[in-house]
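Welcome, and thanks for taking a look. Please keep the model open beside this short briefing.

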Amino acid sequence: YGQQEPVRWKGMGARGARWRMPMPPGPPPPMSKAQRERLERSAARTERLHLAGLSSIAVIVAGLALAAVIILALVAVIRP
């Protein structure tokens with residue numbers, strides 16, 4: 001207990017076997033170009049999905065607001 005750094009694991013293996021070994025102390029190794037590109041694509045995809053989710057939520061809210069306006073208009077017409 002106390003101030004300990006969490007253990008980071010590095011996957012290793014050969015011929016389908018998988019072992020987990022603790023990462024060596026110190027800063028993490030620099031990412032390769034492919035890893036950096038994959039990280040950038042992942043971030044862009046996350047942002048696109050977030051924007052798509054927000055736009056679909058906006059459509060739902062707009063539909064509910066339109067339904068409320070129509071119901072209020074009908075109530076106003078029915079009750080003089």
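Here is a brief tour by topic.

This is a predicted model, in which local features need pLDDT of at least 70 and side-chain atom pairs count only at pLDDT 80 or more, while totals for chains, interfaces and linings use all residues. Residues are numbered from 1 along each chain as its sequence is written, and side-chain values use heavy atoms, leaving out hydrogens and water.

**Fold**
- The protein has 1 helix and 2 strands (DSSP runs: H or I of at least four residues, E of at least two).
- Read from the N terminus, the order is β-β-α.

**Confidence**
- Mean pLDDT (the predictor's confidence in each residue, from 0 to 100) is 84, with 79% of residues at 70 or more.
- Where pLDDT is low, predicted coordinates should not be read in detail.

**Surface**
- Of the 80 residues, 0% count as buried (under 20% relative accessible area, 1.4 Å probe, protein chains only).
- Helix α1 spans residues 33–78 and includes L51.

Technical notes: Buried means under 20% relative accessible area, exposed over 50%, partly exposed in between (1.4 Å probe, protein chains only).
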